[in-house]
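Please look at the model before reading on.

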Amino acid sequence: MILYIEQHGSLFTKDEYFVCDKEGNKKYSAVGGNFLMGILCPWKYMLRIYNADGTQVAYVKRDIWNFPPKLDIFIGDNRVGSVSRGLTLFVPRYNVNYKDWRVEGEWTEAGYMIKSRSGREIASISTQTKNLRREYAVEVLDYSEILNALIFAFALEAEMSSMSIFGLLPLFI
C-alpha cells in the first residue's frame with residue numbers, strides 16, 4: 001500500500017500534514033511544531049498523529065537532554081522507541097531504537113528504506129520538495145506495519161525539521 005503525505009503550514013505556523021491513499025481518501029493527519037505558548041522554541045518539538053476520525057493515535061516528541069537530540073516515539077501514552085540523527089558528513093544516518101528497524105538513506109535525503117535488522121524490507125519513503133514544502137510517498141510492503149511505518153516516516157520528518165532553524169542552520173541544542 002502506498003500512502004502520500006503532503007506538508008502544509010509555513011515556517012511561522014504549525015506544521016500540518018495530510019496522509020491520503022492513492023485514491024485521495026484521507027487516512028491520517030498530523031499537527032505539530034516548535035512552538036510553546038505561541039513562542040518559537042526550536043528545542044521544543046512535538047508532532048501529534050491522528051487517524052481519519054480525528055483520534056490521536058501517536059506522537060513524536062523531542063528529548064533535548066541527549067546529544068545529539070532525539071525524538072521519542074509514543075503510541076497512545078506509551079513510549080515505544082526513539083530516533084536521532086547520527087553525525088556523518090555525506091550519507092544521512094539515523095540511530096533507531098524502534099522495533100528491530102534500521103534506516104538506510106540516500107545522500108540527497110530524497111529517499112529512505114526501512115528494514116528489519118535481519119534485512120527484511122518493511123517500507124520505502126521517497127521525498128520531493130514542491131513550492132517549498134516536502135511531499136512523501138510511503139510504500140509499505142508489510143500491510144500489518146502501515147501505522148508503524150507512517151509513525152516512523154513522521155519521526156524522520158520531525159527529526160529533519162527540528163534539526164534546523166528555519167530549515168537553514170544546524171541546531172545541536
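Strands β7 and β8 run antiparallel and are joined by six bridges. Across this pairing, A58 faces I75 of β8. This is a predicted model.

β8 also pairs with β9 (residues 78–85). That pairing is antiparallel too, again over six bridges. Here D72 has S82 of β9 as its bridge partner. Two residues separate the strands in the β8–β9 hairpin, where G76 adopts a positive phi near 65°. β8 is mostly covered, with five of its six residues buried.

V19 sits opposite Y28 of β3. The hairpin of these two strands has five residues between them. Within this hairpin, G24 has a positive phi near 90°.

β3 also pairs with β6 (residues 46–51), antiparallel and over six bridges. In this pairing V31 is bridged to R48 of β6.

## The Y59–F74 pair

How many aromatic pairs does a search of the whole structure find? It finds five. One of them is Y59 with F74: the ring centres are 4.5 Å apart and the planes meet at 10°, so the pair counts as stacked. The cut-off for stacking is planes under 30 degrees apart. Y59 belongs to β7 (residues 56–63) and F74 to β8 (residues 70–75). The two residues are 15 apart, and the pair links distant parts of the chain.

Are these two residues buried or exposed? Y59 has 12% relative accessibility and counts as buried. F74 also has 12% relative accessibility and counts as buried.

Y98 and F152 form a stacked pair, because their ring centres lie 5.9 Å apart and their planes are at 15°. Y98 is in strand β10 (residues 94–98), while F152 is in helix α1 (residues 146–162). The pair therefore ties together parts of the chain 54 residues apart in sequence.

Both rings belong to buried residues. Y98 has a relative accessible area of 1% and is buried. F152 is buried as well, at 0%. Ring pairs also bring in W101: Y98, W101 and F152 are linked into a cluster.

## The chain as a whole

What helices and strands does the protein chain have? It has one helix and 16 strands. The chain holds 173 residues, of which 46% count as buried.

Contacts can also be sorted by sequence separation. Among those with a separation of 6 or more, 31% join residues 24 or more positions apart. The accessible surface of the protein chain comes to about 9,300 Å². Carbon and sulfur atoms account for 55% of that surface.

## Drawing the strands together

β8 pairs with β7 and with β9, and carries F74, the ring partner of Y59.

Notes
Residues are numbered from 1 along each chain as its sequence is written. This is a predicted model: local features need pLDDT of at least 70, side-chain atom pairs count only at pLDDT 80 or more; totals for chains, interfaces and linings use all residues. Side-chain values use heavy atoms; hydrogens and water are left out. Two strands pair if DSSP finds at least two bridges between them. Helices (H or I, at least four residues) and strands (E, at least two) are DSSP runs, numbered from the N terminus. Rings of Phe, Tyr and Trp (its six-membered ring) pair if their centres lie within 6.5 Å; planes under 30 degrees apart count as stacked, over 60 as edge-to-face and the rest as tilted. Buried means under 20% relative accessible area, exposed over 50%, partly exposed in between (1.4 Å probe, protein chains only). Contact means heavy atoms within 4.5 Å. Accessible areas come from the Shrake-Rupley method with a 1.4 Å probe; for residues, only the protein chains shown count as cover.
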